[in-house]
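Subject: Handover of a structure and the findings on it

Dear colleague,

Please find below the structure that I am handing over to you. My notes on what was found in it follow directly after.

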Amino acid sequence: MISFSSVSLGSGNTAERSSQVGAPWPIEGMTMKALVYHGPGQKAWEDVPDPRIQKPTDIIVKIETTTICGTDLHILKGDVPAVEYGRILGHEGVGTITEIGSAVAGLTIGDRVIISCISACGHLDYCRQGVYSHCLGEEGAPGIGWILGHLIDGTQAEFVRVPY
Ligand SMILES: [Zn+2]
């Protein structure tokens, strides 16, 4: 059985954020707090650049609540070598959309959303069959739906970029 604990985050940096595709990044002074993995047994709550929209199908979410999963504990022990040093951990969350890519339909800035541990492109074979955990989307690695806090930066942060 997996147990979850809830962590509330502060309100963070209130300066205006801009992450238009192609804009220089990181933007000087635009930093947030995040839990960063630095190798087995080593983690730090530190300042990192804000995430930005990288593809038209991305959104940026301001995290209100995230979780610590048993999987995070495995990562912190060094059991998941695919997690690179410097990765922001966390693969679930609740928050509000602050930025949205130009190709995103059905969501808008200000929407409150749940971020699933499984990221799904929604249109390739496995996703069309409802087998989202084997998503073949281009982020992370094909066939691995769990990418947040694993193969891309995750939700234990003030803001997170969510693909698709
Ligand atoms: Zn997919």
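The chain folds into two helices and seven strands. Please keep in mind that this is a predicted model. The chain has 164 residues, and 35% of them are buried. Of the contacts between residues at least 6 apart in sequence, 64% link residues that are at least 24 apart.

I would begin with strand β4 (59-68). Seven of the 10 residues in β4 are buried, so the strand is mostly covered. β4 pairs with two other strands, as set out here:

- With β5 (residues 93-100), β4 forms an antiparallel pairing over seven bridges. In this pairing, Thr-66 is placed opposite Gly-93 of β5.
- With β7, β4 also runs antiparallel, and four bridges join the two. Here Ile-59 faces Val-162 of β7.

The next topic is the nonpolar core. The largest one holds 21 residues, and those touching the most other members are Val-61, Ala-157, Phe-159 and Val-160. Two or more residues each come from β2 (31-37), β4, α1 (70-77) and β7. The greatest contribution is that of β2, which supplies five residues. Phe-159 deserves a separate entry: leaving aside residues up to four places away in sequence, Phe-159 touches Met-32, Asp-50, Pro-51, Ile-60, Val-61, Lys-62, Ile-63 and Thr-98.

Helix α1 has a buried side and an exposed one. Its buried residues are Asp-72, Ile-75 and Leu-76. These three lie on the same side of α1, because the arc they cover around the axis is only 95 degrees. This may be read against a general rule: an α-helix has 3.6 residues a turn, so residues three or four places apart point the same way. The buried residues of α1 pack against β2, β3 (43-49) and β4. On the face turned away from the buried side, the exposed residues are Gly-70, Leu-73, His-74 and Lys-77. After α1 comes Gly-78, which has a positive phi near 95 degrees.

Two further residues may be of interest to you.

The first topic is Ala-141, which sits in the loop between α2 (125-128) and β7 (159-162). Is Ala-141 buried, exposed or partly exposed? Ala-141 is partly exposed, because it has 14 C-beta neighbours inside 10 Å, whereas a buried residue needs 20 or more and an exposed one has 12 or fewer. Ala-141 and Leu-151 are 10 residues apart along the chain, and their C-alpha atoms are separated by 7.6 Å.

The second topic is Tyr-164, in the segment after β7. Most residues other than glycine have a negative phi. Tyr-164 is not a glycine, yet its phi is positive, at about 70 degrees. Tyr-164 counts as buried because 20 other C-beta atoms lie within 10 Å.

With kind regards

Definitions and conventions
Residues numbered from 1 in each chain as written. Predicted model: local features only at pLDDT ≥ 70, side-chain atom pairs only at ≥ 80, totals over all residues. Core = buried A, V, L, I, M, F, W, Y, C linked by C-beta atoms within 7 Å. Contact = placed C-beta atoms within 7 Å. Pairing = 2+ DSSP bridges. Arc of directions from axis to C-beta.
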